[in-house]
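Please study the sequence and the structure before turning to the solutions.

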Amino acid sequence: MVKHIVLYTFKEGVNKDDAVKLIASVLEPLVGKIPGLTYMETRSAFNGMDYALYSEFESREALVNYKDHPLHLAAKEHFFHLLDSRVCADYDL
């Protein structure tokens, strides 16, 4: 199992609560639709970051495939323009 954690900041002027709700509405439903993606949650963050994404994948290969999957790419089109910075870490369980 691979755990995927991403922390983001939003661009200045973005309504944090609205943005987090939007992101959750387009990303969390991908579980069960993208092979190997077994769990995902999105939450508002604090202490320097605005938004946190936590997800689990069956394997490293599943994570790689998720990044370029058409459903994931389509979901990102809804919110990627709101993001300012991104920090990511992945690890095996």
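**Exercise 1.** Is Asp 92 buried, partly exposed or exposed?

*Solution.* The model is a predicted one.
Step 1. The relative accessible area of Asp 92 is 42%.
Step 2. Buried requires a value under 20%, and exposed a value over 50%.
Step 3. Asp 92 is therefore partly exposed, given its 42%.

**Exercise 2.** Determine which salt bridge joins Asp 92 to Arg 60, and where the two residues lie.

*Solution.* 
Step 1. The side chains of Arg 60 and Asp 92 form a salt bridge, at 2.4 Å from N to O.
Step 2. Arg 60 belongs to helix α2 (residues 60–67) and Asp 92 to strand β4 (residues 83–92), so the pair ties together parts that are 32 residues apart in sequence.
Step 3. Arg 60 has a relative accessible area of 57% and is therefore exposed.

**Exercise 3.** Describe the salt bridge of Lys 3 with Glu 56.

*Solution.* 
Step 1. The closest N and O atoms of Lys 3 and Glu 56 are 3.5 Å apart.
Step 2. Lys 3 lies in strand β1 (residues 2–10) and Glu 56 in strand β3 (residues 51–57), so this pair ties together parts that are 53 residues apart in sequence.
Step 3. Both Lys 3 and Glu 56 are buried.

Terms used
Residues numbered from 1 in each chain as written. Predicted model: local features only at pLDDT ≥ 70, side-chain atom pairs only at ≥ 80, totals over all residues. Heavy atoms only, no water. Salt bridge = Lys/Arg side-chain N within 4 Å of Asp/Glu carboxyl O. Helix = DSSP H or I, 4+ residues; strand = E, 2+ residues; numbered from the N terminus. Buried < 20%, exposed > 50% of the residue type's maximum accessible area, 1.4 Å probe, protein only.
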